[in-house]
Amino acid sequence: MRLGQTIPQPLNKTVINWLIVALIALLYAPIFVHWVDGWLNKTIGIEHEYFSHALIGFPYAAYLVWMQRHKWEKLKSDNHPLGAVLLGIGAAFYLTGTATLVAFSLPVILTGICLWFKGIPGLKLHWFPLLLVLLGTPNPVPYLITPYILWLQKFIAAVAGFLLMQFGYQVSVDGIYLSVNERAVEVAPYCAGIKMLFTSLYVTLMLLHWTGTLKNYKKTMFMMAGAVGISVIANIIRNTLLSMFHGTGQDEMFVSLHEGTGGDFYSIAMLMMIVLLFHLSPTFESSPLINEEGDYQKNDEYF
Amino acid sequence: MMNIFKASISKKSVNFAHFCLILLLFILIIIGVVPGYFSGEWAWQDLPRISNISYLIKLKKTELAIPGWTILQQQEVIISNNQWSLQIMSQDSSTPVTLLMMPQDFYKKKPEVEWTNLQLLGNWQTSEHKTIKFASENPQEKSDHVKAHFFRSSMPPIWQSLRVGTRGRQENNQTFAVVQWYAWPGGGSFVPSDWFWRDQFAQLNQDRLPWVAVSLQIPISPLSDLKEMEEEATKLAKLVQTSLEEQVFAPMSSNN
């Protein structure tokens with residue numbers, strides 16, 4: 001190269017980055033529209049409902065990535081070969097056209113992009129948004145576990161039956177069938193509260209991240225266990241109420257709680273309980289922290 | 001001079017990574033998405049339909065001929081909001097055997113809790129669980145086989161369980177050897193996820209894997225050894241699978 005000859009300038013990096021974002025948006029826009037329609041209008045199926053928490057999880061993940069974009073820029077460029085592999089696999093999944101694989105291509109391609117540009121440090125920076133995407137992507141897990149939760153259905157029917165007996169109702173429990181005044185309710189696999197369990201854990205994860213609590217291992221474990229407990233108890237109470245409504249002929253209340261707005265309010269109330277648990281429970285930190293920058297951080301008494 | 005050279009290389013490698021990704025995304029868009037934007041439809045929007053599902057629906061109300069067996073009775077029954085075919089048949093006037101079948105009658109329907117539904121209906125007390133393997137009489141490929149669940153069950157005969165008010169009455173209980181599996185063209189398994197992965201695989205070719213839940217209930221003496229029954233049960237199960245393949249699955253795939 002002779003002196004004086006200009007070196008070809010790379011295209012403006014910002015333009016290229018936005019181009020990539022636009023292409024990904026073009027690829028997944030029809031899928032997102034389909035999913036959101038399915039979640040809002042319940043048009044796809046009951047197993048799709050299990051992932052409706054993605055409605056808040058995906059925007060939050062996008063927000064996190066956006067907030068960390070300067071840290072991303074500062075990372076050294078590192079084209080990890082695993083990134084190329086994941087991109088190839090994700091592309092193959094996308095081209096199959098089956099709902100399961102196309103859905104799964106999303107977290108695979110996003111992870112591949114992180115590795116392809118910034119290597120393992122890139123993955124470490126964005127592990128949480130990627131996890132949110134992975135746990136919010138519709139997949140067949142709810143279907144695959146249905147044959148294995150009979151014990152949970154029986155447990156819920158038994159406890160709900162016991163509670164109703166304490167309140168003086170004429171109750172009989174037979175396996176997963178709970179009868180009040182001779183009118184039976186079946187605690188089906190999809191009534192066993194697995195959906196609310198998934199959603200509770202997901203929301204708890206988001207809450208812990210948002211408040212910076214994930215580093216606190218004890219509190220994190222406590223909250224996850226607490227979310228499981230609250231979700232199971234809330235589901236038992238819900239099945240108790242449903243049996244009572246059905247047994248006493250209050251069919252509108254039954255429908256409202258089962259598949260209507262009553263049920264939605266009930267779920268929101270349950271999630272509020274988790275937030276309450278978070279704020280009322282101890283912080284589980286016994287000693288002062290030294291945070292990442294090496295500064296002494298005073299122990300918080302209140303969260 | 002060297003600094004400029006190094007700078008241009010590093011800028012090139014940054015561009016190379018971006019270039020590769022953009023190229024990949026373009027290819028994906030052109031092959032995977034653009035056709036969809038034009039037609040307004042995408043492959044993943046809905047499950048492919050089952051061609052000739054009418055054969056499966058018809059199975060609920062018609063007899064399934066089993067060579068060497070006389071069908072005494074066949075009717076459609078309702079178990080847990082699902083329609084099953086209940087067929088009672090016997091061989092040379094021996095004790096009648098019950099054949100319960102639930103075909104996939106809707107393209108979105110998947111094997112799920114059929115075994116639980118049967119078990120709860122009759123309050124089955126089961127024991128001696130085993131897995132048996134067999135293939136139909138004319139396997140298409142060497143690997144075609146059925147993985148069925150074989151066990152002993154103390155329960156009332158199915159027609160008694162279907163009558164309201166007889167649940168839990170142990171005096172109605174008889175002993176049966178039960179064979180259960182989800183049958184599909186070329187094979188079967190009693191585990192729903194086995195069907196699921198094969199169906200996913202078929203979907204790669206825009207195809208589906210139709211299925212029929214089969215429960216075979218053979219009366220046995222309460223004192224008999226289940227192992228003695230295994231050969232006989234397997235033989236009958238093999239006949240049922242073959243009949244399903246010849247009379248239901250084969251016509252479904254040939255009439256395209």
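User: How much area do chain B and chain A bury between them?

Analyst: The size of an interface is often given as the accessible area lost when the parts come together. In this predicted model, chain B and chain A bury about 4,100 Å² between them, 74% of it on carbon and sulfur atoms; buried area is the accessible area (1.4 Å probe) that two parts lose on being put together, summed over both. B:Leu21, B:Leu28 and B:Trp44 supply 17% of the area that chain B buries against chain A, more than any other three residues. The contact (heavy atoms within 4.5 Å) takes 48 residues from chain A and 43 from chain B.

User: How many salt bridges does the rule find across the interface of chain B and chain A?

Analyst: A salt bridge is a side-chain nitrogen of Lys or Arg within 4 Å of a carboxyl oxygen of Asp or Glu. The rule finds 1 across this interface. A:Glu47 forms a salt bridge with B:Lys110, with the closest N and O atoms 2.9 Å apart.

User: At what angle do helices H5 and H6 of chain A pack?

Analyst: Two packed helices are described by the angle between their axes and the distance between the axes. Helix H5 (residues 81-96) of chain A packs against helix H6 (residues 99-125) of chain A at about 160 degrees, with axes 7 Å apart. Helices here are DSSP runs (H or I, at least four residues), numbered from the N terminus; axes are lines fitted to C-alpha atoms over the stretch in contact, and angles run from 0 to 180 degrees between N-to-C directions. H5(A) is therefore roughly antiparallel to H6(A) (over 145 degrees).

Technical notes
Residues numbered from 1 in each chain as written. Chains lettered and ligands numbered in written order. Predicted model: local features only at pLDDT ≥ 70, side-chain atom pairs only at ≥ 80, totals over all residues. Heavy atoms only, no water. Helix = DSSP H or I, 4+ residues; strand = E, 2+ residues; numbered from the N terminus. Parallel < 35°, antiparallel > 145°, perpendicular 65-115°, else oblique.
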